Amino acid sequence: MNPPARVSYWLLPCDQDAERFQAAIDALADAQNAPAFGPHMSLASIAGQQPDLQSCLDRLRGLKLEPLEIDATDVFTMSLFVRVKPNPALLQARTWMEAQAGFQSQRAFDPHLSLCYGPPPAGAQEWRTVRATLKGPILFDRLAAVDIPPRVETYDHIRAWKILDKIGF
């Protein structure tokens, strides 16, 4: 099996924090008749030879971020999401990723955890499960390496995601 040409790196919340996000993601996916996905925050994508991640993982150890707001856009991959306040550790990890050969980005870094892709159901921002994602900081404890299509624009693209590895930090 050939390795993917491009690997995306996601920050994963610890199990306890992931539970509150997963409840919202699952409820929204059910209402949309869409695929559910695991809670994550995209950190970077790298094409070609994958870097030794230890230096990045060292920066991320103990990463805890504060949720700021629930927001929505017309962009498929940012339909409904929780924006988080970046801290120096997150910004240092992102800067490290940007310095790697093969770093790719299609937009400015906007730290967030998506709750759904595609148009959210009416009133979804006020759902109890969605509002619960704002309660308390989010502790991240793993980095996932993920094979995803170059563009995510449909539910079939989401179904094609393949987690290659999860690395604790």
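User: Leaving aside its neighbours within four places in sequence, which residues is Leu143 in contact with?

Analyst: This is a predicted model, in which local features need pLDDT of at least 70 and side-chain atom pairs count only at pLDDT 80 or more, while totals for chains, interfaces and linings use all residues. Residues are numbered from 1 along each chain as its sequence is written, and side-chain values use heavy atoms, with hydrogens and water left out. Contact means heavy atoms within 4.5 Å. With neighbours within four places set aside, the partners of Leu143 are Tyr9, Trp10, Leu11, Leu43, Leu53, Leu57, Leu60, Met97, Asp165, Lys166, Ile167 and Phe169.

User: What is the volume of the largest cavity?

Analyst: On a 1 Å grid over the protein atoms alone, a cavity is a set of points where a 1.4 Å probe fits but cannot get out, a pocket is an open set with protein on both sides within 12 Å along at least five of seven lines, and lining residues have an atom within 4 Å of a point. Grid points are joined across faces, edges and corners, and a volume is the space filled by probe spheres set on the points. A search of the whole structure finds one cavity of 30 Å³ or more. Its volume is about 40 Å³.

User: Which element gives the most to the lining of the largest cavity?

Analyst: The lining has ten nonpolar residues, one polar and no charged ones, where Ala, Val, Leu, Ile, Met, Phe, Trp, Tyr, Cys and Pro count as nonpolar, Asp, Glu, Lys and Arg as charged, and the others, Gly among them, as polar. Helix H1 (15-32), strand S6 (112-116) and helix H5 (155-159) each give two or more residues. The most, three residues, come from H1.

User: Which strand supplies the largest share of the lining of the largest pocket?

Analyst: The largest pocket has a volume of about 740 Å³. Its lining has 32 residues, with Arg6, Ser42, Thr77, Gln106 and Arg107 nearest the centre. These 32 divide into 16 nonpolar, ten polar and six charged. The largest share, five residues, comes from S2.

User: Is Asn33 buried or exposed?

Analyst: Asn33 sits in the loop between H1 and S2. Although not a glycine, Asn33 has a positive phi of about 55 degrees. Because its relative accessible area is 68%, Asn33 is exposed.

User: Which backbone oxygen does the side chain of Asn87 reach?

Analyst: Asn87 lies in the loop between strand S4 (80-85) and helix H3 (88-98). Not counting residues up to four places away in sequence, Asn87 touches Leu63, Lys64 and Leu65. At 3.2 Å, its side chain reaches the backbone oxygen of Lys64.

User: How far apart are the C-alpha atoms of Pro86 and Lys64?

Analyst: Pro86 is also in the loop between S4 and H3, and at 33% relative accessibility Pro86 counts as partly exposed. Pro86 and Lys64 are 22 residues apart along the chain. Their C-alpha atoms are separated by 9.4 Å.

Technical notes: Helices (H or I, at least four residues) and strands (E, at least two) are DSSP runs, numbered from the N terminus. A polar contact is a pair of N or O atoms within 3.5 Å; within protein, one must be able to donate a hydrogen and the other to accept it, and residues adjacent in sequence count only if both atoms are side-chain atoms. Buried means under 20% relative accessible area, exposed over 50%, partly exposed in between (1.4 Å probe, protein chains only).
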